Amino acid sequence: MYAQALDQPEGHRECASADGAALEARFLSRVASEQKVEPKDWMPERYRRTLIRQISQHAHSEIVGMLPEGNWITRAPSLKRKAILMAKVQDEGGHGAYLYAAAETLGAAREDLIEQLLSGAAKYSSIFNYPTPTWADVGAIGWLVDGAAIMNQIPLCRCSYGPYARAMVRICKEESFHQRQGFEIMLTLARGTPEQRRMAQEALNRWWWPSLMMFGPGDADSKHTADSVRWKIKRFTNDELRQKFVDFTVPQAQFLGLKVPDPELRLDEASGHYRFGAIDWAEFNEVLRGNGPCNRERLAARREAHESGRWVREAAAAYAEKQRARTSAAAA
């Protein structure tokens, strides 16, 4: 989707000369006027690093996010459900590929980013470190997790960095399908037998709070939000997006006849927003530190898959080198 290993101009490094301030002022003016920043344009080093961090974490999340649902492909309740779930998991792998390619346009090597993930040095969304004990969890992930992802990602289609914004257009279209697919599973269960309805409610209980955590720490504790909003990487703060998600999702739960597991949840008539209880940020931080229910299991699965695919990468590299040699010989 994007050219790999683009030549990085000198302007991508912070300029220590008097021109540095003028370059940054020009950059900020360009961002303010809604012009896209492209790979060969000058950008502040902090902007570039912030993008690499965000895009790579996003890519890692898509790749690790294949695992909780992939666990259910062989156990889905019908052939149709299996086919839909396989297509969804394949989509997530494609999203990771788009995003790694977007990070490469900033001078990041894909191999380095993947190694950071496999070593545990890189972060990914905390939500994917929770188990999926029943089929209803697949529905809850589609409805809640992909719903939260859409809430966060649609504004990224207007991100100031062109390659990231363009990648998000297709990703958001596919995530929208995923969200509808998950809601349809929950609707089927909610209208099913008492046992199926119980499964749906228990899945909502498991995924509600981790879904709210997906938007990241509160604005007061977020180290990156202010710069990301100023640079128009993000268009809304973490708390603004979280509130939008709650306002959008609570009526859907009511339609399903399910109860959101928050005794403090209420509609504030004056503002039109749903007020919700306190998030357990201690749990969030523990999961990010690698101490969630499935952190070790998820990384072990990724390492095993990476090692199992080594021969494919080596064969592809050998073939590419063989083709390069043939082309060089023919041109000689």
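Biologist: Let's start inside. Which residues have the most contacts inside the largest nonpolar core, and how many residues does that core have?

Modeller: In soluble globular proteins, nonpolar side chains tend to be buried together. This is a predicted model, and its largest nonpolar core has 80 residues. Those with the most contacts inside it are Tyr47, Leu51, Tyr161, Tyr164 and Trp208. Helix H7, residues 162-190, supplies the largest share of this core, with 12 residues.

Biologist: Let me pick one of those. What does Tyr161 touch, leaving out residues up to four places away in sequence?

Modeller: Tyr161 touches Lys36, Val37, Glu38, Pro39, Met43, Tyr47, Leu51, Ala102, Thr105 and Leu106.

Biologist: Now the rings. How many aromatic pairs does a search of the whole structure find?

Modeller: The search turns up 10 aromatic pairs. Take Trp72 and Trp135: they form an edge-to-face pair, 6.2 Å centre to centre, with 65° between the planes. The planes count as edge-to-face because that label applies to angles over 60 degrees.

Biologist: Where do Trp72 and Trp135 lie along the chain?

Modeller: Trp72 lies in the loop between helix H3 (66-70) and helix H4 (79-104), and Trp135 is in helix H6 (residues 135-153), so the pair ties together parts that are 63 residues apart in sequence.

Biologist: Are those two buried or exposed?

Modeller: Trp72 is buried, with a relative accessible area of 9%. Trp135 is buried too, with a relative accessible area of 9%.

Biologist: Which residues form one aromatic cluster?

Modeller: That would be Phe27, Trp42, Tyr47 and Trp231. You've met Tyr47 already, as one of the residues touched by Tyr161.

Biologist: What about charges over rings? Which residue lies over the face of Trp72?

Modeller: Arg75 does, at 3.8 Å from the ring centre. There's also Lys244, whose charged end sits over the ring of Phe236, 4.6 Å from its centre.

Biologist: Let's zoom out. How many helices and strands does the protein chain have?

Modeller: The chain has 13 helices and two strands. Its C-alpha atoms fill a box of roughly 75 × 50 × 30 Å along the principal axes. A compact globule with 332 residues would have a radius of gyration near 20 Å, and the chain's 22 Å agrees with that.

Biologist: What share of the residues count as buried, and what share of the contacts link residues 24 or more positions apart?

Modeller: Of the 332 residues, 48% count as buried. Among contacts with a separation of 6 or more, 79% are between residues 24 or more positions apart.

Biologist: Where is Lys232 found, and what is its phi?

Modeller: Lys232 is in the loop between helix H9 (225-230) and helix H10 (238-256). Its phi is positive, about 60°, although Lys232 is not a glycine.

Terms used: Residues numbered from 1 in each chain as written. Predicted model: local features only at pLDDT ≥ 70, side-chain atom pairs only at ≥ 80, totals over all residues. Heavy atoms only, no water. Core = buried A, V, L, I, M, F, W, Y, C linked by side-chain atoms within 4.5 Å. Buried < 20%, exposed > 50% of the residue type's maximum accessible area, 1.4 Å probe, protein only. Helix = DSSP H or I, 4+ residues; strand = E, 2+ residues; numbered from the N terminus. Contact = heavy atoms within 4.5 Å. Phe/Tyr/Trp six-rings, centres within 6.5 Å; stacked < 30°, edge-to-face > 60°. Lys NZ or Arg CZ within 6 Å of the ring centre and 35° of its normal. Rg over C-alpha atoms; globule rule 2.2 N^0.38 Å.
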